[in-house]
Amino acid sequence: MIVVVKNGTTERQIENFCDWIRSQGIGTHLFHGDFQTVIGLIGDTMKLDEEMIHGLDIVESVKRISDPFKSANRKFHPDDSVIDISGKTTVGGDIFAVMAGPCSIESEEQILEVARAVKASGATMLRGGAFKPRTSPYDFQGLRADGIELLLEAKKETGLPIVTEIMSATHLPLFEDVDVIQVGARNMQNFELLKELGKTRKPILLKRGLANTLKELLMSAEYIMAGGNENIILCERGVRTFETYTRNTLDISAVPMLHELSHLPVIVDPSHATGVSRLVKPMALAAAAAGANGLMIEVHNNPKAALCDGPQSLTPEQFDDVMKSVSCIIDAVKATK
Ligand code: PEP
Ligand code: MN
């Protein structure tokens with residue numbers, strides 16, 4: 001349920017109202033916009049008397065929200081959310097976030113070389129997998145804790161905030177100095193993991209599952225937000241279809257649809273979406289044109305020798321070219337606003 005508060009209502013009155021709502025076992029979510037204050041009521045609101053609330057002095061209007069996602073809903077929070085990344089950058093707002101780096105961290109030399117290169121090309125964050133969700137147990141599983149150590153070294157040298165994937169809540173202590181924790185497609189509905197991440201205040205990059213709807217993606221975001229962590233970045237990374245020339249099918253319409261449904265920032269991963277390095281640039285441009293808040297792109301200093309996802313990885317030179325073209329699209333998008 002959404003309660004729009006009358007202009008001129010004092011903070012004290014709003015607090016009293018929220019206390020009263022909470023005393024009935026219902027959560028409140030306060031949003032102060034430039035022109036309106038909105039209170040989102042979360043929980044079993046069927047037990048509330050809508051007419052009675054409407055009659056209160058401070059209430060302008062009351063609306064029931066039928067969507068199952070509440071905290072992630074734009075109706076509860078009309079302005080775009082801007083996620084702060086360790087005070088160094090943001091995702092959302094005026095910044096177009098670019099998380100770039102190898103699929104997996106392979107060695108000190110590899111991660112440092114890629115980190116320096118993507119920074120020079122304008123990436124705002126460094127990505128690298130330490131715990132890898134591989135289809136085969138016989139494939140390279142990542143350097144695990146040692147991989148995080150190497151990523152931290154690259155962070156120290158370049159100053160770039162780092163993004164890396166978590167596969168088990170038991171690994172959380174290793175993620176203390178990680179700036180953005182990624183939940184990969186395969187774990188999008190690992191609800192116990194999502195609940196644990198809800199207890200942290202770390203920015204979470206939540207990737208869409210291989211065959212999940214946007215509603216399911218938003219419900220997974222809701223799991224994290226229900227625990228009190230509102231720092232969520234959504235990521236469209238393609239879904240599985242009958243097509244076989246590409247690894248997945250990139251759902252570009254997910255970007256404007258998610259923006260309509262939710263206030264959370266949305267980025268696009270054209271690398272996993274296509275699985276083909278030459279398709280990364282056109283899809284990155286399409287994502288920027290569709291209004292994405294950023295990109296996640298796999299970059300490797302020697303894609304042919306990569307231990308994971310070489311065919312979709314860009315060389316640092318190709319990444320530099322993508323960055324230049326993307327910035328033209330961002331300027332064009334700004335000019336249409
Ligand atoms: C990744 O980003 O390294 C990854 C495994 O992606 P996804 O979960 O989207 O497959
Ligand atoms: Mn990968």
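Modeller: D309 is a buried residue, with a relative accessible area of 17%; buried means under 20% relative accessible area, exposed over 50%, and partly exposed in between, with a 1.4 Å probe and protein chains only. This is a predicted model, in which local features need pLDDT of at least 70, side-chain atom pairs count only at pLDDT 80 or more, and totals for chains, interfaces and linings use all residues. Residues are numbered from 1 along each chain as its sequence is written, chains are lettered from A and ligands numbered from 1 in the order in which they are written, and side-chain values use heavy atoms, with hydrogens and water left out.

D309 gives an OD atom to the manganese ion (ligand 2), which is also coordinated by C103 through SG, H272 through NE2 and E298 through OE, at 2.0 to 2.4 Å. Donors here are N, O and S atoms within 2.8 Å of the metal (3.2 Å for Na, K and Ca); water is not among the atoms, so sites may look incomplete. In sequence, the spacing of the donor residues is C-x168-H-x25-E-x10-D. C103 sits in the loop between β7 (97–101) and α3 (108–120), and D309 in the loop between β14 (294–298) and α10 (316–335), so this pair ties together parts that are 206 residues apart in sequence. Helices (H or I, at least four residues) and strands (E, at least two) are DSSP runs, numbered from the N terminus. C103 is buried too, with a relative accessible area of 2%.

Now the whole chain. The protein chain has ten helices and 14 strands. Its radius of gyration is 21 Å, close to the 20 Å that the globule rule gives for 337 residues, so the chain is as compact as a globular protein of that length. That radius is taken over C-alpha atoms, and the rule is 2.2 Å times the number of residues to the power 0.38. Of the 337 residues, 53% are buried. Among contacts with a separation of 6 or more, 68% come from residues 24 or more positions apart, where contact means heavy atoms within 4.5 Å.

G87 is exposed, with a relative accessible area of 63%. S86 is placed in that loop as well; S86 is partly exposed at 43%, and has a positive phi of about 50 degrees although it is not a glycine.
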